[in-house]
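Here are my notes on this one, as numbered points. Have the model open while you go through them.

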Amino acid sequence: MKTVGIIGANGLVGRTLQQEFKKITVPFETKLFGRNDDISALDAAVLCTDNPDSAALYEKLKDRVRFLVDMSSQFRLNKNVPLVIPEINSDAITAQTRLIASPNCTTTGLVMTMAPLMAHYHLTEAFFCSYQAISGGGKKLLEDFRTPGSLYANNCVPLIGSVQDNGYSSEELKGIYETRKILRLPRVKVYPHTVRVAVENAHSLGVTLKAEEAFDLQQVKTLWNTFPNLTYSDAIVTPKEASGREETFVCRLRQDAEEPNVIHYFVTFDNLLKGAAMNGRQIVQFLLENFL
Ligand code: 2RA
C-alpha cells in the first residue's frame with residue numbers, strides 16, 4: 001500500500017486536504033504530520049506549509065520521499081519544478097520529477113478560464129482585478145477578521161502579500177509569472193490588481209481577456225462548459241454559491257463594446273478547494289495512478 005503524508009496537517013489547507021484525500025479513488029494510506037514532526041519515508045507528501053518551512057522540509061525529505069507536492073510559492077517559478085493544475089498541464093510531470101508545485105489560488109482561477117480557450121484563440125493579454133476571500137490568508141487572518149475592529153470587516157484592502165521594489169504586490173507578481181508558466185505562454189501580458197474583500201471564503205476575479213482573433217461568445221461558453229471542473233452560467237454566480245464547490249464558475253461574459261477580440265467576465269471559485277487542497281488532491285491522484 002502506498003503511503004502519502006500531509007505535512008502541516010492542522011492548517012486551513014492541511015485540514016481541507018484531509019477531507020479531499022477521502023475522494024481519492026485508488027487505495028492508499030494517509031499519514032498526518034505537523035511541520036516539526038519526525039517524518040518517516042513516504043511515497044509522496046504534500047507540504048501545506050509556508051515558504052521557509054517548505055524550503056527546509058524539501059532539504060530534509062528529498063531523499064526520503066519519492067514525490068513532494070508543495071502548496072507554497074517557494075518553488076513555483078523554479079524551471080525544474082512543474083507548476084501543475086491537472087486539468088491543464090499534468091503532462092509537465094515526468095518519471096524524473098521529484099518535486100511538484102501547486103499554484104497560487106488566484107492564478108488558478110484565472111488560468112482555469114484561459115486554458116480552455118487556447119485551442120481556438122491566441123491569447124495575448126489578460127487584465128484582472130481580484131476580490132480575494134479572508135480564508136486565503138490562513139487561520140490567523142480568519143481569526144483577525146472575526147475580531148471586532150478588524151481592518152478587513154466591512155472593507156476591501158488593496159494589498160495582498162508584500163509590496164515589491166517595483167510597486168507590485170507579491171500576489172500580483174504571482175498572477176503574471178505563474179500564468180505564463182502554467183499556460184506555456186511566456187509572452188502573454190498579464191495586468192493584475194489584487195484586493196482582499198470581506199468575504200470569508202471563495203475568491204473572485206473580474207477578467208478582461210484579449211486575443212488575436214475575434215471571440216465568438218457561444219464558442220467561448222461551450223469551451224468553458226466542456227472543460228473539466230469549469231462551469232459557465234448565464235445567471236450570476238457569487239462566492240456564496242462557489243464556496244464548498246469543486247467547480248470554477250464563470251458568469252457575466254460579454255464582448256467588448258468596441259473590440260471584438262476582447263471579452264470581459266467574472267470568475268468565482270473556492271480558494272481552499274480548487275485554489276489549494278483540491279488541486280493538491282488531484283495531483284496526488286495523478287501520481288498514484290501514473291507513477292506510484
Ligand atoms: C491569498 N493567494 O489569498 C493567497 C493565498 N495563498 O492570500
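1. The centres of domain 1 and domain 2, taken over C-alpha atoms, are 24 Å apart. The assignment puts 3–104 + 276–290 in domain 1 and 106–270 in domain 2; such bounds come from an automatic or database domain assignment. Keep in mind that this is a predicted model, where local features need pLDDT of at least 70, side-chain atom pairs count only at pLDDT 80 or more, and totals for chains, interfaces and linings use all residues. Numbering starts from 1 along each chain as its sequence is written.

2. Between the domains, 14 residues of domain 1 are in contact with 18 residues of domain 2 (contact: C-beta atoms, placed from the backbone, within 7 Å). On the domain 1 side, α3 (86–89) and α9 (273–290) each supply at least two residues, and α3 gives the most, with 3 residues. Helices (H or I, at least four residues) and strands (E, at least two) are DSSP runs, numbered from the N terminus. By class, that side of domain 1 has 7 nonpolar, 5 polar and 2 charged residues. Ala, Val, Leu, Ile, Met, Phe, Trp, Tyr, Cys and Pro count as nonpolar, Asp, Glu, Lys and Arg as charged, and the others, Gly among them, as polar.

3. Now the ligand: which residues are around it? They are Asn 104, Cys 105, Thr 106, Gln 132, Gly 136, Gly 137, Ile 160, Glu 171 and Asn 271, where near means a C-beta atom, placed from the backbone, within 6 Å. This shell divides into 2 nonpolar, 6 polar and 1 charged.

4. Have a look at the open sheet of 6 strands, ordered β8-β6-β10-β13-β12-β11 with mixed pairing (two strands pair if DSSP finds at least two bridges between them). β8 (189–193) and β11 (230–232) are at the edges with a single partner strand each, so one side of each has no neighbour in the sheet. The twist averages 20° from one strand to the next.

5. β11 pairs with β12 (residues 248–255) in the parallel sense over 3 bridges, and Thr 231 stands opposite Phe 249 in β12. Helix α4 (residues 105–114) lies across β6, β10, β11, β12 and β13, at about 40° to β10. Axes here are lines fitted to C-alpha atoms, for helices over the stretch in contact, with angles from 0 to 180 degrees between N-to-C directions.

6. β1 (residues 3–7) and β2 (residues 29–33) run parallel, joined by 5 bridges, and Ile 6 stands opposite Leu 32 in β2.

Key. Two residues are in contact if their C-beta atoms, placed from the backbone, lie within 7 Å.
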